[in-house]
Amino acid sequence: MTQKNSTEDLDVSRLSADKKLGHLLESVVREVKLYAEGQIEHIQKLAQIGLALSGQKNLNTLLEMIVDEARKLSSADAGTLYIVEQKSRSLRFAILQNDSMNIRKGGAGGDLSDEMPNVPLADEQGNPNHANVSSYVALTGESVNIEDVYEAGAFDFSGTKRYDAATGYRCKSMLVMPLKNHEDKIIGVLQLLNAKDPQTGEIMKFHADIVGLVASLASQAAIALTNTQLIEDLKALFYAFIKSIATAIDAKSPFTGGHINRVVSLTMDVAEAIHGTNTGPFGEMRFTDDEMEELRIAAWMHDVGKITTPEHIVSKTNKLEGVFDRIHLIETRFLLILQLMENRHLRVKIDLLKTDNSPAALKKMEAMDRELQARKAEILESLELLKAVNTNKGMVDERAVKQVREIAARTYHIGGNAYPWLSENEAACLSILKGNLLDEERRLVEQHAEMTINITRELPFPDRFSHVPEYAGAHHEKLDGSGYPLGLTGDQIPLQARIIAIADVFEALTAPDRPYKRPMHISQALKILQEMAAAGHIDGDIVRMFIKQKVYQAYADKELTPEQLSTA
Ligand SMILES: [Fe+2]
Ligand SMILES: [Fe+2]
């Protein structure tokens with residue numbers, strides 16, 4: 001019985017021990033489960049953050065996101081993101097956030113460099129700045145976790161204390177992390193301040209598990225930052241490159257300086273207007289950011305083909321201009337003709353004097369002199385006419401062209417050989433009724449549109465910019481099919497190319513193309529646009545919107561002269 005009793009007692013105590021162990025195990029499992037769930041949640045959160053960070057193309061938004069997410073993850077009241085500036089060996093304030101102080105600065109909100117001077121990484125002698133905690137982290141790559149900055153003696157927090165005294169804030173716990181990129185290079189520093197207890201809101205230290213999470217976030221952030229930075233750098237380099245080509249092309253002619261730049265500005269004004277309009281033919285039309293950028297690149301590159309057009313043709317300002325203006329050759333030739341005439345005249349006079357010096361002979365010679373003067377005056381008059389036709393200063397009409405042809409048909413003689421007063425090409429150039437270009441030269445100029453397509457097609461644009469060659473190369477196409485290089489008609493010409501075409505024409509009409517010619521009044525330029533639309537050359541819907549919504553106004557205010565805009 002006793003034994004039984006003792007066995008029973010044993011069983012009861014074992015049962016109670018088993019129960020205790022069961023409870024303990026249960027609570028351990030629960031704890032482990034909770035911990036594991038918490039970790040999974042953190043990992044999922046980190047993965048989400050990683051995805052969001054790597055998908056962010058805008059650098060400023062990305063910088064803000066990094067601080068936002070790190071603060072959320074660690075319940076930090078404030079956060080600062082510094083970027084390492086290699087050139088000045090310093091840390092630049094990129095983002096400054098403080099919930100309690102209601103501060104949100106930097107990033108998309110604007111540059112902080114005026115307000116917050118950079119933190120130097122070294123002193124003037126080149127000694128590393130280990131006194132400042134952010135600089136220390138940037139230099140050593142070590143993380144720093146401080147429970148209370150007022151108690152920490154390793155770093156100089158006098159600035160922080162001064163800030164607290166001035167604002168009433170109290171900086172306490174601090175976590176400072178380096179941002180290392182894929183090459184293990186430190187590109188920034190993330191500083192989190194005052195971790196808050198999610199339940200009580202009390203300031204606490206940054207716990208070890210949070211430090212690990214923030215470290216993971218920091219490394220993802222560093223990679224996203226490097227990628228975005230690289231993309232932005234490439235973009236900046238690409239734009240600098242296309243702008244330098246544009247400058248080189250515009251510099252080919254002294255009268256088209258800034259043409260491409262201005263066409264870009266007008267193109268984007270028109271595109272913005274189309275994008276923003278809710279009524280009429282463009283009421284539904286919207287451009288994505290990528291489409292806007294694609295159009296901007298196309299506008300920058302629309303005349304890139306001119307790189308292959310001979311300079312003397314692009315900048316041909318007089319009819320006889322080649323590598324130099326051949327009017328000077330004609331001038332010299334006419335002086336030679338005058339000289340030859342005078343020589344011949346003198347020879348005849350000498351011969352006459354040798355045989356006869358009677359009063360009758362002298363009278364004859366006087367008559368010869370008068371005739372010589374008259375012929376010389378006639379030649380000089382012809383030269384003046386040619387000069388005026390060459391520079392388009394004179395009236396270049398059918399009558400003037402007929403006179404040019406008559407002059408060209410005359411000859412002078414040297415050593416028994418006859419030479420024309422004007423070469424065939426000179427006569428052809430001086431017979432151009434409109435402009436300065438011969439047909440073959442005009443064809444060369446027009447070739448630039450085809451060359452624009454060829455050149456831009458060779459560039460490996462990403463998919464989102466794949467239409468650049470199509471848009472850039474069609475800016476001289478006309479809706480009625482009379483344009484070039486492909487003679488496209490109507491819907492074959494994309495809207496983007498039609499926009500560039502109108503910007504191109506409006507810029508050319510209103511630009512001062514000759515120093516001595518007054519630039520066209522805006523009302524006349526708008527009238528010409530309407531006429532071109534009515535003739536089926538450019539898009540009437542865009543022209544109507546351009547005029548009705550005064551899309552040209554901002555451009556006109558910036559680029560045109562007061563005379564061009566006068567209402568009198
Ligand atoms: Fe062009
Ligand atoms: Fe152009």
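In which helix is valine 32 found? Valine 32 belongs to helix α1, which covers residues 2-55. Welcome to a short tour of this predicted model, with stops at a surface patch, a pair of helices and a few backbone details worth a look.

**A nonpolar patch on the surface**
- Valine 32, a residue of helix α1, is one of the members of a nonpolar patch on the surface.

**Helices α9 and α10**
- Helix α9 takes in residues 327-355, and helix α10 takes in residues 359-390.
- The two pack at an angle of about 175 degrees, and their axes lie 11 Å apart.
- Angles over 145 degrees count as roughly antiparallel, and α9 and α10 are therefore roughly antiparallel to each other.
- In the contact of α9 with α10, 18 residues are nonpolar, 8 are charged and 3 are polar.

**Lysine 364 in helix α10**
- If you follow helix α10, you will come to lysine 364.
- Lysine 364 is partly exposed, its relative accessible area being 48%.
- Between lysine 364 and histidine 259 there are 105 residues of separation along the chain, and their C-alpha atoms are 64 Å apart.

**Backbone details to look at**
- As background for this group, most peptide bonds are trans, and most residues other than glycine have a negative phi.
- Tyrosine 484 and proline 485 are joined by a cis peptide bond, with omega at about 10 degrees.
- You can find proline 485 in the loop that runs between α14 (468-473) and α15 (495-510).
- Asparagine 194 is not a glycine, yet its phi is positive, at about 55 degrees.
- This asparagine 194 sits in strand β7, which spans residues 186-196.
- With a relative accessible area of 2%, asparagine 194 is buried, since the cut-off for buried is under 20%.
- Lysine 550 also has a positive phi, near 50 degrees, and is a residue other than glycine.
- The setting of lysine 550 is the loop between α17 (540-548) and α18 (553-559).
- Is lysine 550 buried or partly exposed? Its relative accessibility of 48% makes lysine 550 partly exposed.

**To recap the backbone stops**
- The positive phi of asparagine 194 occurs in a strand, β7, while that of lysine 550 occurs in a loop.
- Asparagine 194 is buried, whereas lysine 550 is partly exposed.

Conventions. Residues numbered from 1 in each chain as written. Chains lettered and ligands numbered in written order. Predicted model: local features only at pLDDT ≥ 70, side-chain atom pairs only at ≥ 80, totals over all residues. Heavy atoms only, no water. Axes fitted to C-alpha atoms, helices over the stretch in contact; angles between N-to-C directions. Helix = DSSP H or I, 4+ residues; strand = E, 2+ residues; numbered from the N terminus. Parallel < 35°, antiparallel > 145°, perpendicular 65-115°, else oblique. Nonpolar A, V, L, I, M, F, W, Y, C, P; charged D, E, K, R; others polar. Patch = residues over 30% accessible without salt bridge, like charges linked within 9 Å, V, L, I, M, F, W, Y side chains within 5 Å. Areas by Shrake-Rupley, 256 points an atom, 1.4 Å probe, with all protein chains shown as cover. Salt bridge = Lys/Arg side-chain N within 4 Å of Asp/Glu carboxyl O. Buried < 20%, exposed > 50% of the residue type's maximum accessible area, 1.4 Å probe, protein only.
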